Amino acid sequence: MLNSDTASRPAVTGSTGRVRWSRARWLLLLATCIVIALDGLDVSMVGVALPSIGKELGLETGSLQWIVSGYVLGYGSLLLLGGRLADLLGRRNVLLVALVVFTIASLAGGLSADAGLLIASRFVKGVAAAFTAPAAFSLITTNFEEGPERNRAISIFTTFAASGFSLGLIMSGLMTSLSWRWTFLFSVPLAVLALVLGFFFIPKDARERGAGHDIPGAITLALGMLALVYTVVSAPGAGWGSVQTIGGFVAAALLLGAFVVIELRVHSPLIRFGIFRIASVLRANLAAITLFGSYVSFQFVLTLYLQDVLGWSPLSMALALLPTGLVVAFSAPFTDRLIDRFGPTPLIILGLGSLSAGYLLFLRLGTTPVYWTDILPSVILLGVGFGIGFPSIQVQATTGVADEEQGLAAGLVQTSSQVGGALALAVTTALISGGSAATSAAAQLDHFRPGLYLSAALAVVGLIVAAAPRRRQSVPVPAA
């Protein structure tokens, strides 16, 4: 097992100007990259398998969203807590324990025969990912120096995320043809591999000393986020004006309000609100909301339409979207050089612009689409947008943040992504639920089209925010 001194040796810059790392650095990076690849794998595999799961378990669209939303509920509710606890308790310790839970939940999901148990396993899996994702990301940002070295590490990190997404598309198509259960079981051996590599090659890191443990803040934050995300994802079924939905929003507001009061008064807050005074952090989180929110909405609608309405097989669906993952996987390794040269902001604008163009082009979709002219151009544009935008957002979200708050910054941007996805998915489900008994393909397309409009609108809003004029950047106030 590596020690922190070995892993923290400075990188060497070669004659070409590129950063050269020691073997210890590469093994540390590999362990964390496999962890994030599992997240991409899980998202894409479940998305393609949704129609098959719905048919076998008898789930309608409103209930089927919980296969996705159960994961989002656990993930989005606890990411901030997971990121902060990684800072407080040690990133390596948090990552390894959460990986064990993730592995067990994956196995339980694949073996479950009941819809409730399946959704519960997805929730537990999301809780585990809420601790693995920010811990893995903050291990990179604290072990690789800010600048070209960290940009390169984050670029490789996001390449693994895209590769996991691409692999998930292909494997889900193949495995769903056998049984949707294999889409859950496939990640088990990979999770075990990540656990073994993490145990031996991730160095021990020091806990944040003297920070204390903000237990009241942690409890109110977790409960408040749980209430908010649960209310959002259950609103389409319960009704946006129902007592349950309104009561849920009120409870979430009270709990999160109590959290803010606690954080402003406690000696060692769980979240230092001063981090939002860093303009780049705030803008990166807004960009993450629109990027992930638009794509989660898009994939959900497209998967149901192509498979349920047009009758495409899971494998055909997977192959149709595969170019998105491939473009991201091949472009992400070069994004760090673009970030070094132009900075993350222009690339975020370019990425959201490409996504907006892809969604708008997709609105041409008809009842007899021709893949090469109606689908492929949008798929490629989405890949370019993700390949450029996603790593740039990650870099911007952690730039100018002290090492002791890197876990918090990582948790913030990933929470924004998941909350954006949860909100977009809930609104999309509300837009397309009901009236799905239409018989003609044209009527069904009109039924699903509002979800496509929502994806395009979110991306355009994100583009406008990212391109808005910037105020003069003030020097961030360091953590106490």
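**Close-up views of a predicted model**

Trp372 is exposed, its relative accessible area being 66%; exposed means over 50% relative accessible area, buried under 20% and partly exposed in between (1.4 Å probe, protein chains only). The structure is a predicted model, in which local features need pLDDT of at least 70 and side-chain atom pairs count only at pLDDT 80 or more, while totals for chains, interfaces and linings use all residues. Residues are numbered from 1 along each chain as its sequence is written, and side-chain values use heavy atoms, with hydrogens and water left out.

**View 1. Aromatic pairs, including Tyr295 with Phe386.** The structure holds 14 aromatic pairs; rings of Phe, Tyr and Trp (its six-membered ring) pair if their centres lie within 6.5 Å, and planes under 30 degrees apart count as stacked, over 60 as edge-to-face and the rest as tilted. The ring centres of Tyr295 and Phe386 are 5.2 Å apart and their planes stand at 80 degrees, so this pair is edge-to-face. Tyr295 lies in helix α11 and Phe386 in helix α14 (residues 371-398), 91 residues apart, and the pair thus links distant parts of the chain. Helices (H or I, at least four residues) are DSSP runs, numbered from the N terminus. Tyr295 and Phe386 are both buried. Another edge-to-face pair joins Tyr371 and Trp372, at 5.3 Å centre to centre and 80 degrees between the planes. Ring pairs also link Phe292, Tyr295, Phe298, Tyr359, Phe362, Phe386 and Phe390 into a cluster.

View 2. Thr324 counts as buried because its relative accessibility is 3%. Apart from neighbours within four places in sequence, Thr324 is in contact (heavy atoms within 4.5 Å) with Tyr295, Val379, Leu382 and Gly383.

**View 3. Helix α8 (residues 187-201) and its cover.** This helix has 15 residues and reaches 21 Å from its first C-alpha to its last, close to the 21 Å expected at 1.5 Å a residue; the expected span is 1.5 Å times one less than the number of residues. Its buried residues are Ser187, Val188, Ala191, Ala194, Leu197 and Gly198. Their cover includes α2 (23-57), α4 (91-111), α5 (115-143) and α7 (182-185).

**View 4. Ile289 of helix α11.** With 32% relative accessibility, Ile289 counts as partly exposed.

Methods:
Helix = DSSP H or I, 4+ residues; strand = E, 2+ residues; numbered from the N terminus.
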